[in-house]
Amino acid sequence: MAEKVVLDVRQIQECLPHRYPFLLLDRVTEFVDNVEAVGLKAVTANEPFFQGHFPGRPVMPGVLIIEAIAQTAAVLAKISSDGIAPGKTVFLVGAQDVKFKKQVVPGDVLRIHVRSVKKRRPLWVMHGEVTVDGVLVASGTVSAAESD
């Protein structure tokens, strides 16, 4: 059963090395130890990538949606009881079966659900689904490796 855990942006920054403008996770709202997590990202018109993607028609780059999946997965890996040891981090090493179903635009709130698929240290594999208002916008499987 999902434990209601709220990690705010400061607590997320304790888990991840990412900072503005590349931190793509605002909150973690659900967590099941070693199994799954749900994160949220509010997409605003002030995002720096909208200046060039695309002028007059802002669309969040798909690669950043996948990065949001990877960051949510990294938080799951860091806060799980059998997670990444302090002082170590994870680096994205692969993305498979990525699909984009709908554009993400300013005003959308991404709900990023990740679940652990396989863990064979130092490799972690997690599947993510991103929805906006209950509609699937992207999905894919990310692989990450632990490192010092």
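Asn 34 lies in the loop between β1 and β2, where strands (E, at least two residues) and helices (H or I, at least four) are DSSP runs numbered from the N terminus. The phi of Asn 34 is near 65°, a positive value in a residue other than glycine, and with a relative accessible area of 24% Asn 34 is partly exposed, a class that falls between buried (under 20% relative accessible area) and exposed (over 50%), using a 1.4 Å probe and protein chains only. The model is a predicted one, in which local features need pLDDT of at least 70 and side-chain atom pairs count only at pLDDT 80 or more, while totals for chains, interfaces and linings use all residues. Residues are numbered from 1 along each chain as its sequence is written, and side-chain values use heavy atoms, with hydrogens and water left out.

Asp 97, found in strand β3, also has a positive phi, and Asp 97 is exposed, with a relative accessible area of 59%. Most residues other than glycine have a negative phi, and most peptide bonds are trans. The table gives backbone values.

| Site | Backbone value |
|---|---|
| Asn 34 | phi near 65° |
| Asp 97 | phi near 50° |
| Tyr 20 to Pro 21 | cis, omega near 5° |
| His 53 to Phe 54 | cis, omega about 0° |

Pro 21 is found in the loop between α1 and β1, whereas Phe 54 is in the loop between β2 and α2. That loop between β2 and α2 also holds Val 43, which counts as buried because its relative accessibility is 3%. Leaving aside neighbours within four places in sequence, Val 43 is in contact (heavy atoms within 4.5 Å) with residues including Phe 50, Met 60, Val 104 and Leu 110.

Not counting residues up to four places away in sequence, Ile 112 touches Leu 24, Val 38, Ile 69 and Val 130, among others.
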